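Open the model in a viewer and follow the stops below in order. Each stop says what to select and what to look for there.

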Amino acid sequence: MTTDTTLGKDRSFLFVLGSSRPEGNTEILARSAAEQLPAGVAQRWVDLARLPLPDFQDGRHETDVWQVGESEETLRLATLEATDIVIASPLYWYTLSAHTKRYLDYWSGWLAVPDLDFKARMAGRTLWGVTVMSDEDEAVADGMVTTLNNTAAYLRMRFGGVLFGNGSRPGQVRDDERASVRAKTFFQGETPIAQFPQVSR
Ligand SMILES: Cc1cc2nc3c(=O)[nH]c(=O)nc-3n(C[C@H](O)[C@H](O)[C@H](O)COP(=O)(O)O)c2cc1C
């Protein structure tokens with residue numbers, strides 16, 4: 001299996017924050033993992049609550065020119081500039097928050113932009129997840145893990161997995177020692193090319 005755990009100066013991380021409250025647990029956990037990145041690795045942080053995207057409208061099969069808004073353009077450029085994209089979403093109803101899901105919906109629009117070559121350009125980059133949930137049982141977040149893994153597989157990206165934390169009130173994740181320990185090495189983990197689950201036919 002091909003993996004790449006080297007974090008050199010050619011890497012640049014885009015952290016996509018998807019909570020619906022500021023300075024929440026997911027951002028705290030993502031920042032504690034990011035503190036461990038080598039100094040030369042670029043970090044960019046975007047908060048989807050501050051870069052509002054309208055609901056995605058599927059115009060992929062229409063001939064009208066899609067009007068690209070300012071937030072969309074900012075996010076599209078930031079996404080294409082990053083070697084590593086970290087989806088930092090609280091667990092909402094066992095999956096991604098609406099903010100982060102909507103951001104991924106826009107990837108479908110970008111896939112259809114002529115000459116953007118979104119799919120080819122995303123291939124080989126790495127997708128990661130960070131989430132905090134109030135449930136103690138991380139297995140309940142399987143839906144989120146599957147969504148991110150399969151998204152990476154579709155785009156032939158690497159997948160670094162999901163860093164889990166536990167907490168409900170803002171700041172509570174700081175009491176989760178296991179999450180703090182895992183955050184220290186999360187970005188040194190293996191990043192195999194993502195594969196869809198094997199389906200027996
Ligand atoms: C709309 C909503 C849905 C939620 N759904 C779940 C859930 O399915 N499972 C769970 O364990 N916690 C759930 N929670 C709790 C949050 O995951 C938890 O409070 C988390 O710490 C929020 O992260 P944040 O501080 O980064 O926003 C939900 C919270 C909200 C507001």
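**Stop 1: strand 1**

Select strand 1, residues 12–17: 5 of its 6 residues are buried, so the strand is largely enclosed by the rest of the structure. Keep in mind throughout that this is a predicted model.

Strand 1 pairs with strand 2 in the parallel sense, over 6 bridges. To see how the two strands are set against each other, pick F13, which stands opposite Q43 in strand 2. Then pick V16, whose bridge partner in strand 2 is V46.

Next, show strand 3, residues 84–88. Strand 3 also pairs with strand 1 in the parallel sense, here over 5 bridges. Which residue of strand 3 is the bridge partner of L17? Select A88 to find that partner.

In a regular strand, side chains alternate between the two faces of the sheet.

**Stop 2: the crossover**

Together, strand 1, helix 1 and strand 2 make a right-handed β-α-β unit.

On the way from strand 1 to helix 1, stop at E23, which lies in the loop between the two. The phi of E23 is near 50 degrees, a positive value in a residue that is not glycine. Most residues other than glycine have a negative phi. E23 counts as partly exposed because it has 13 C-beta neighbours inside 10 Å.

**Stop 3: the ligand**

Select the ligand and the shell around it. How many residues surround the ligand? There are 17, and the closest are G24, T26, P90, M133 and D135. The elements that give two or more residues to this shell are helix 1 (25–34) and strand 4 (126–133). Colour the shell by residue class and it divides into 8 nonpolar, 7 polar and 2 charged residues.

**Stop 4: helix 3**

Move to helix 3, residues 98–111, and draw a distance between its end C-alpha atoms. The 14 residues should span 20 Å at 1.5 Å a residue, and the end C-alpha atoms are 20 Å apart, so the two values agree.

Select H99, T100 and Y103, which are buried in helix 3. Turn the view to look down the helix axis: the buried residues of helix 3 fall within an arc of 95 degrees, so they line one face of the helix.

Continue past helix 3 to D115, in the loop between helix 3 and helix 4 (118–122). D115 has a positive phi of about 70 degrees, although it is not a glycine. Is D115 buried or exposed? D115 counts as exposed because it has 5 C-beta neighbours inside 10 Å.

**Stop 5: G8**

Finally, go back to the segment before strand 1 and select G8, which is found there. G8 is exposed, with 10 other C-beta atoms within 10 Å. G8 and V162 are 154 residues apart along the chain, and their C-alpha atoms are separated by 21 Å.

Conventions:
Residues are numbered from 1 along each chain as its sequence is written. This is a predicted model: local features need pLDDT of at least 70, side-chain atom pairs count only at pLDDT 80 or more; totals for chains, interfaces and linings use all residues. A residue is near a molecule or strand if its C-beta atom, placed from the backbone, lies within 6 Å of it. Helices (H or I, at least four residues) and strands (E, at least two) are DSSP runs, numbered from the N terminus. Ala, Val, Leu, Ile, Met, Phe, Trp, Tyr, Cys and Pro count as nonpolar, Asp, Glu, Lys and Arg as charged, and the others, Gly among them, as polar. A residue is buried if 20 or more other C-beta atoms lie within 10 Å of its own, exposed if 12 or fewer, and partly exposed in between; C-beta atoms are placed from the backbone. Two strands pair if DSSP finds at least two bridges between them. A crossover is right-handed if, with the strands pointing away from the viewer, the path from the first strand over the helix to the second runs clockwise. The expected span of a helix is 1.5 Å times one less than its number of residues. The arc is that of the directions from the helix axis to the C-beta atoms.
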